[in-house]
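Student: Could you walk me through reading a few features of a model like this one? I'd like the general idea, then the case at hand.

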Amino acid sequence: MTVTLPAPVQAVFDATNAGDTDAFLDAFAADGVVDDWGREFHGHEAIKRWSDGENIGVQARLTPTAVTTHDGEYVVTATVAGGGFNGPSHFTFRVASDRVARMTIRA
């Protein structure tokens with residue numbers, strides 16, 4: 001099954017799967033936020049530190065299996081694999097213009 005994601009959200013998944021930190025950070029607004037189970041990382045520098053330890057740095061692979069919208073946000077169900085967390089997860093994205101303003105991760 002193919003899941004169609006908005007371009008900025010697709011960029012997050014593509015960059016993660018390619019192990020491309022620069023492209024991953026470019027998908028986020030300069031003041032973007034990653035909320036990983038309540039731990040918030042604000043801005044590119046903090047998001048990079050998070051990704052180095054929890055995402056690209058552990059060779060995460062994300063396979064989206066469904067997407068819905070809720071209150072203007074995109075909720076993506078994905079299977080996560082790699083050297084860190086493995087299993088199903090939900091990623092909620094708030095998009096502003098052509099960048100991700102906020103990515104919230106919950107199982």
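Predicted model: local features only at pLDDT ≥ 70, side-chain atom pairs only at ≥ 80, totals over all residues.

Student: How many salt bridges does a search of the whole structure find?

Tutor: The search turns up 10. In one of them, the side chains of Asp-35 and Arg-106 meet at 3.0 Å, N to O. Helices (H or I, at least four residues) and strands (E, at least two) are DSSP runs, numbered from the N terminus. On that scheme Asp-35 sits in strand 1 and Arg-106 in strand 6, 71 residues apart.

Student: Is Asp-35 buried or exposed?

Tutor: Buried means under 20% relative accessible area, exposed over 50%, and partly exposed in between (1.4 Å probe, protein chains only). Asp-35 has 6%, so Asp-35 is buried. Arg-106, at 31%, counts as partly exposed.

Student: What does Arg-102 form with Glu-40?

Tutor: Another salt bridge, with the closest N and O atoms 2.5 Å apart. Arg-102 lies in strand 6 and Glu-40 in strand 2 (residues 39-42), so this pair ties together parts 62 residues apart in sequence. Arg-102 is buried at 16%, while Glu-40 is partly exposed at 39%.

Student: And aromatic pairs?

Tutor: Rings of Phe, Tyr and Trp (its six-membered ring) pair if their centres lie within 6.5 Å; planes under 30 degrees apart count as stacked, over 60 as edge-to-face and the rest as tilted. The whole structure has 5 such pairs. Phe-24 and Trp-50 are stacked, 6.3 Å centre to centre with 25 degrees between the planes. Phe-24 and Trp-50 are both buried.

Student: Which residues of helix 1 are buried?

Tutor: Pro-8, Val-9, Val-12, Phe-13, Ala-15 and Thr-16. Taking the arc as that of the directions from the helix axis to the C-beta atoms, they cover only 165 degrees, which puts them on the same side of helix 1. The face turned away from the buried side carries exposed Ala-7 and Ala-18.

How values were computed: Residues numbered from 1 in each chain as written. Heavy atoms only, no water. Salt bridge = Lys/Arg side-chain N within 4 Å of Asp/Glu carboxyl O.
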